Amino acid sequence: MIQTKRASGILMPLSSLPGGHGIGSLGAPARRFVDFLARAGQSVWQILPVGPTGYGDSPYQSCSAFAGNPYLIDLDLLAAQGLLSRADYAFTDWGVDPEKVDYGLLYEKRLPVLRKAYAAFLKQRPVPGCETPYPDDWYSFTFRCDGWLPDYCLYMAIKQEQKMADWQQWPRSLRLREEAALAEFRRTHAAEIGFWAFVQYEFDKQWQALKAYANAHGVRIMGDVPIYVAADSADAWAGGKLFEMDSDGHPLRVAGCPPDYFAADGQLWGNPLYDWAYHKKTNYAWWIRRVRHALSIYDILRIDHFRGFDTYWAIPAGEKTAQGGKWEQGPGMDLFRMLRAALGELPIVAEDLGELFPSVRHLLAESGFPGMKVLQFALDGSDNEYLPHNYPANCVCYPGTHDNDTLLGWWDTGLTDKQRDQLTGYLALTESEGVRLGILRGVMASPARLAVVPMTDWLGLGTEARINTPGRADGNWQWRAAQGVFTTALAAEIRAMSVRFFRAEPLKPAKDTAPAKDAAPEEKDAKKTQSVPAAAEEATARKGEKNSARSVKK
């Protein structure tokens, strides 16, 4: 059980925060957002996976199921430790558009800066006269992460040496992890391996400080755990018998989805499939280790593609489409019983969207995990499960997720006139209230104990702020919020709706509050960096609202 009383939260990727250097970061940008959530009465911050991104920039195709994204490390915090000077990273070209992440530029510029920090780290001596540069918490970190860190650092060092080639293209001795070859590589590339350990150490240190800050402000972090690992990942390279692979390390079958109404050929994801029979023999040791690690990072886990634990679509490797796959049986409750036995009660949200067999629904019910309900899936003319009045208390409801268009984009281009009429009648949308707030009212008023709204919808943004369009090869995961949009007025608006539907407490005046005219931390920061008045920025953030209200009358 993740929620015993009604509450609400906001979906906002870390990468989409304003500030930082080319991308949101774990330092001041994230803490300012936590402050905003607390002012807005929100008790959950839902984020996307925080692992390193690779080709395609998707956080769901990471090179590690355990590691953190180096891009999210806050450079100002490194400077505060004496590991960088401002001149080391005060570039003017972290990206031409402050409202988009330029991943190509980050790949080119971020790692050299982190290497400078590592060089400075190696010169530090935490204890005078001590020969080692490593502080006590370094040893604690490496001990906690011993199950994955050595393989990850070795994988990244080899990948750098192999000009970032997929591990299945590496020389045979390294690809198949021949011990003599790995020992020689460790000996000749110790500094590079050490660098990748340093990067994860700094990420972990900054992350744990941010999580503690969020929890102290009454905010729990909901993180995302993709069911599969990427084909080109340290997990697949080091996993061996965990996956369906041949003796040369190539996958026998890969993951995907069968043909359906939306995709005639199905979806070919290409992730290696788990050898569930082998996992069962080990009492699911790898999964226990993975979930234990995730619980050390997040307060709540959203398990992506939950239906794959019941039945999954297995496609022979080498197929050009997903049509040749077949359904196979997953581990079911056996896995979750073992996880509970090892880790106790699991604060898991099951992503149970899409076409579901009765057996998937049975697994969800037996697990007791809350599923997800998304209003954007509701408008087929029937009294279906995605209409808010049908939501059970034990679920997390959304107007849309990171894979959907924003509400205004959906209303403008994603609906037929008949669907607009259905939604207008169902939610009693009015011109004075506007489409966006009317839809959010319907979600927040639902019986679901936890309601999560994407930040893009609270800001009233259009399709230009869509986070991801499934099936599109590029242009995803780039959106960033503009500086100054997390205003006191917006926080008050969010809190008011949350209080109205008993998802938050009214704001209690503090004894030593600053005068009301003082700006919130986010607004103060924005005034230092921009000349645009906060009121104008808030108006920009609301663009499209007037057109949306007019469209209700059509």
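**Charged pairs and their labels**

Author: D224 and R302 are both buried. The model is predicted, so local features need pLDDT of at least 70 and side-chain atom pairs pLDDT 80 or more, while totals for chains, interfaces and linings use all residues. Side-chain values use heavy atoms, without hydrogens and water, and residues are numbered from 1 along each chain as its sequence is written.

Reader: Why is the contact of D224 and R302 called a salt bridge?
Author: The term asks for a side-chain nitrogen of Lys or Arg within 4 Å of a carboxyl oxygen of Asp or Glu. The N to O distance here is 2.7 Å, so the pair qualifies. D224 sits in strand β3 (residues 220-225) and R302 in strand β6 (residues 300-303), 78 residues apart.

Reader: What makes D204 count as buried?
Author: Buried means under 20% relative accessible area, exposed over 50%, and partly exposed in between (1.4 Å probe, protein chains only). D204 has 13%, so it is buried. Its salt-bridge partner is R144, at 2.8 Å, N to O.

Reader: What does the salt bridge of R86 and D76 tie together?
Author: The two side chains meet at 2.8 Å, N to O. R86 lies in the loop between α2 (75-80) and α3 (103-123) and D76 in helix α2, so the pair ties together parts 10 residues apart in sequence.

Reader: How many salt bridges does the rule give?
Author: The count is 23.

Notes:
Helix = DSSP H or I, 4+ residues; strand = E, 2+ residues; numbered from the N terminus.
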